[in-house]
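These are my notebook entries on one protein model. I record what I looked up, entry by entry.

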Amino acid sequence: MELTDDVASKKNPPPIEPRNKVDLLGMDREMMAAYFIEIGEKPFRATQMMKWIHQMGVSDFDEMTNLSKALREKLKPLAYIRTPKIIAEQYSEDGTIKWLLEVDQKNAVEAVFIPEKNRGTLCISSQVGCALECSFCSTGQQGFNRNLENWEIAAQMWAANKALGCKPKEERRISNVVFMGMGEPLLNVKHTFPVARILMDDFAYGLSKRRVTISTAGVVPAIDKIKAELDVSLAISLHAPNNALRDELVPINKKYPLEVLIPSLYRYVEGGHSKKHVTIEYVMLDQVNDRVEHAHELVVLLGELPCKVNLIPFNPFPNTDYTRSSNNAIHRFRAILEEGGLNVTVRKTRGEDIDAACGQLAGKVSDRTKRTVHHVEFDATARHDVLNVLKGVP
Ligand code: SAH
């Protein structure tokens, strides 16, 4: 499908403001209150500001009519709401919309809106590219560039609401948000956690914790950090029932193998409300992980874990050797899991005609030929943090 640049350009905000101003878009309530105290204002300004930004979609201080003129003038040289530029917008025949958002002069990330009968899900990105190199994922094949900052992640929600023409205060078309776009959110907790808080804050988007899901390939220390710091839904990209196969499909398994990962999931659900569960994502790859014995192994592996298994038919992308499991194989797999007492759903593939389906997001990374180790162009500190986690450096 053609990119509708002309449509997108009309929605583009004014040029980016200077970097020395403080950016308010990505601040959670605590950060925002601290900021207002720092500039000598009352902390309740934080909730007013969050409502304007996130519930009303306002980015111009002059429109914030319950702030005094003096405060608005005071803020202008100090702070701003950095609004993202939509470079392209694509519509799928099934109603799915994909946006490409520019985050700096060389990089862009994708966010996808999936409308359904009773809900609208926004799938957002947490990094430019991904360092995990899962063999069946298109994002993983293009290399890793850098972590997204708070504002760049929050910007996806803000821009999606704008593009859909709705103010969340009046109309909630985005009822669910999943961190299932480009990148590994749990290798960027510093920037994803505040955004998850903004999404769930009643003074911002007010989504319930059941409707905000962080999906991870299994960064165990960060799963424990979720348990300690953030009450949010969790999805695990499991994809294999044993270490040998998982090492191949999801290489971070070599660092956090199943005997380490699975107990962390029990810790996550422990002590929560009775319905607290983990979503287990399992991509269906023909003849690779979809055999009868894999299904039996999975039943044993998941044991008593309160979970729902989501089978995801593989979405192909250029130059991949994998193919999607047949419908028969998916049904057979599902039946075995159900016989084993598991709750199973099969994900309906959406937005395939615009490459917006799971694992097809590629965004625009400054130089796709460069792999992780060589690519140190942006934000070297954050990059090294991510790479150190992968190498096991504390
Ligand atoms: N890094 C995170 C989030 C991004 S991937 C994670 O691994 O969970 C979001 C989901 O899409 C994951 O379950 C991922 O394994 C799945 N996925 C990736 N590539 C896919 C593909 N080609 N087809 C189907 N699902 C895919």
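**Entry 1. Overall figures**

Among contacts in the protein between residues at least 6 apart in sequence, what percentage join residues at least 24 apart? I find 70%, where two residues are in contact if their C-beta atoms, placed from the backbone, lie within 7 Å. I note that this is a predicted model, in which local features need pLDDT of at least 70 and side-chain atom pairs count only at pLDDT 80 or more, while totals for chains, interfaces and linings use all residues. Residues are numbered from 1 along each chain as its sequence is written.

I looked up the secondary structure and found 13 helices and 14 strands. Helices (H or I, at least four residues) and strands (E, at least two) are DSSP runs, numbered from the N terminus. Of the 394 residues, 44% count as buried. A residue is buried if 20 or more other C-beta atoms lie within 10 Å of its own, exposed if 12 or fewer, and partly exposed in between, with C-beta atoms placed from the backbone.

**Entry 2. The nonpolar core**

I next looked up the largest nonpolar core, which has 103 residues. Such a core is a set of buried Ala, Val, Leu, Ile, Met, Phe, Trp, Tyr and Cys residues joined through C-beta atoms within 7 Å. The members that touch the most other members are L101, L122, A154, M157, V177 and L199. Helix α6 (residues 150-163) gives the most to this core, namely eight residues. Domain 1 (20-80) and domain 2 (85-390) both contribute residues, so the core lies between them; the domain bounds come from an automatic or database domain assignment. As general background, nonpolar side chains tend to be buried together in soluble globular proteins.

I also listed the contacts of A154: leaving out residues up to four places away in sequence, A154 touches L25, G26, V195 and I198.

**Entry 3. Helices α6 and α7**

At what angle do α6 and α7 pack? I read about 35°, with the axes 8 Å apart. Axes are lines fitted to C-alpha atoms, for helices over the stretch in contact, and angles run from 0 to 180 degrees between N-to-C directions. On the α6 side the contact is made by N150, I153, A154 and M157, and on the α7 side by H191, T192, P194, V195, I198 and L199.

**Entry 4. Helix α3 and I53**

I then turned to I53, which is found in helix α3 (residues 45-55). Is I53 buried or exposed? I53 counts as buried because 24 C-beta neighbours lie inside 10 Å. Leaving out residues up to four places away in sequence, I53 touches L24, L25, V58 and I81. I53 and L24 are 29 residues apart in sequence, and their C-alpha atoms are 8.6 Å apart in space.

The buried residues of α3 are R45, A46, M49, M50, W52, I53 and H54. They pack against α2 (29-38), α6 and α7 (189-200). Just after α3, G57 takes a positive phi of about 70°.

E133, a residue other than glycine, has a positive phi near 55°. E133 sits in the loop between β7 (127-129) and α5 (138-141), and counts as partly exposed because of its 18 C-beta neighbours inside 10 Å. Q287 is not a glycine either, yet has a positive phi of about 65°. Q287 is found in the loop between β12 (278-284) and α11 (292-302); with 11 other C-beta atoms within 10 Å, Q287 is exposed.

Which residues does L249 touch, not counting residues up to four places away in sequence? I list C134, S135, F136, H239, A240 and N289. L249 is in helix α9 (residues 243-249) and counts as buried, with 21 C-beta neighbours inside 10 Å. L249 and C137 are 112 residues apart along the chain, and their C-alpha atoms are separated by 9.2 Å.

Last, I looked up N145, which lies in strand β8 (residues 144-147). N145 is buried, with 31 other C-beta atoms within 10 Å. N145 and N107 are 38 residues apart in sequence and 8.7 Å apart in space, C-alpha to C-alpha.
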